[in-house]
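Welcome, and thanks for taking a look.

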Amino acid sequence: MSRLHDMGGRFGDGPVKPEPQDAPVFAEDWHARALAITLTSGALGQWNIDTSRHARERLAPLDYTRFSYYEKWLAGLVTLLVEKGVLSRADLVAAEAGGGRQKEGTGAEVAAPHPLAARALQAQEVAAALARGGPADRPSTIMPNFAPGDAVRCRRPGGNRLVAGGHTRLPTYAVGAKGQILRLHGSHVLPDSAAHGLGEAPEPLYAVVFPAMELWSAPEHPRDEVVLDLWQSYLEPV
Amino acid sequence: MPHDHADAPHSLLPPDPALRVKALETVLTQKGLIDPAALDEIIDTYQNRIGPANGARVVARAWSDPEFKAALLADADPVLAGLGYYGRQGEHMVVVENTPEQHNMVVCTLCSCYPWPLLGIPPGWYKSDAYRSRAVREPRRVLAEFGVILPEGTSVRVWDSTAEVRYLVLPMRPKGSEGLSEDALAALVSRDSMIGTDIPEVPR
């Protein structure tokens, strides 16, 4: 049911190692490039944020475990580029053979322009594109079933109900748990659908508060709580 | 390559991640799919222009101006957009206030969701397996690793950013900060205090 990325509550990860507040934003130059290539490739419009999260989440478990953060981004990106037909496997083989160097032009490799080239994000468009963002709220015909204060339970079993093994944003640690509606965020795109090209399927999204005692067998403190943002179809009334 | 099979196309790229990025950048550039100058622009934005100083200014203003604070806590989006703090990964903001009774702390257990327009790109620890796995289950032990020990009477509320809503913690204004200007107050606000893993203090 769960994938490795769904790690909330997992044991065995050791201490958190805080970095100084003034540590570099990008520990390595290639981290910055990986982030920027991911954003510019996204601007080609061939996938959405849910598709790209799912591409990282479905890395082979061994890869997900051993890859550093931006290696996961890069691996997910390459998966999407190939699956969406933006690049071919032959393109990647050639890129590897070139070792990242620009090829000496023989003229033979210059083909017709890539059909998506007109969509390439240009430097002068970057500021506006970042400022525009990508809001996820949408009008919906699905009315809210719950109001702040209502008792709810996360549906069991968890997991994507539309696609076996598909993307979902209900963490396994909260499956079956009882909580209380804290606030309604409006209607948002449903990741379980949007990640798989099944449409945005917007529905009400809630902040739901769960007592730590409901989630963990040995909570640290009886009054501690965890809040999750959960879609209406993840919830049922108690 | 060790994993050269159909469902792992990334394995076609060189093993060294820096080379892999370079190879990918080259092939995408050759096909006209990316403008290398756009990459530089994105990197400059997040390296030099957008970072936790934005969030610190918001916190300092909330500490100084009760009406601003009330509006921020009631509906953050229009308030933040009015200050120019809107954009990618900050489209739906909620600000949560620390009090003597309740301390707030933010995590994304599923990936690394984070309010970019206010705090920039998340630090490495925020994206680490250790923080993601433990912050929801044992927030107090995690806080202790940051040197934060909460009073027994303070409960912890951990916000797991499972949707596109992004959370910013409004820390408590520290004792001894009376009379400080907004700029001086902003200097007291660390990035970590707006995630909930630090407590602002006035230096002695």
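## Where the domains meet

Across the interface of domain 1 of chain A and domain 2 of chain A, 0 salt bridges are found (a side-chain nitrogen of Lys or Arg within 4 Å of a carboxyl oxygen of Asp or Glu). On the side of domain 1 of chain A that touches domain 2 of chain A, there are 3 polar, 3 charged and no nonpolar residues (Ala, Val, Leu, Ile, Met, Phe, Trp, Tyr, Cys and Pro count as nonpolar, Asp, Glu, Lys and Arg as charged, the others, Gly among them, as polar).

Contact here means heavy atoms within 4.5 Å, and 6 residues of domain 1 of chain A touch 9 residues of domain 2 of chain A in this sense.

## Ground rules

This is a predicted model: local features need pLDDT of at least 70, side-chain atom pairs count only at pLDDT 80 or more, and totals for chains, interfaces and linings use all residues. Residues are numbered from 1 along each chain as its sequence is written, chains are lettered from A and ligands numbered from 1 in the order in which they are written, and side-chain values use heavy atoms, with hydrogens and water left out.

## The chain as a whole

Domain 1 covers 29-132 and domain 2 covers 151-237 of chain A, with bounds from an automatic or database domain assignment. Their centres, taken over C-alpha atoms, are 31 Å apart.

The C-alpha trace of chain A spans about 70 × 45 × 35 Å along its principal axes. Of the 238 residues in chain A, 47% are buried (under 20% relative accessible area, 1.4 Å probe, protein chains only).

How values were computed: Buried < 20%, exposed > 50% of the residue type's maximum accessible area, 1.4 Å probe, protein only.
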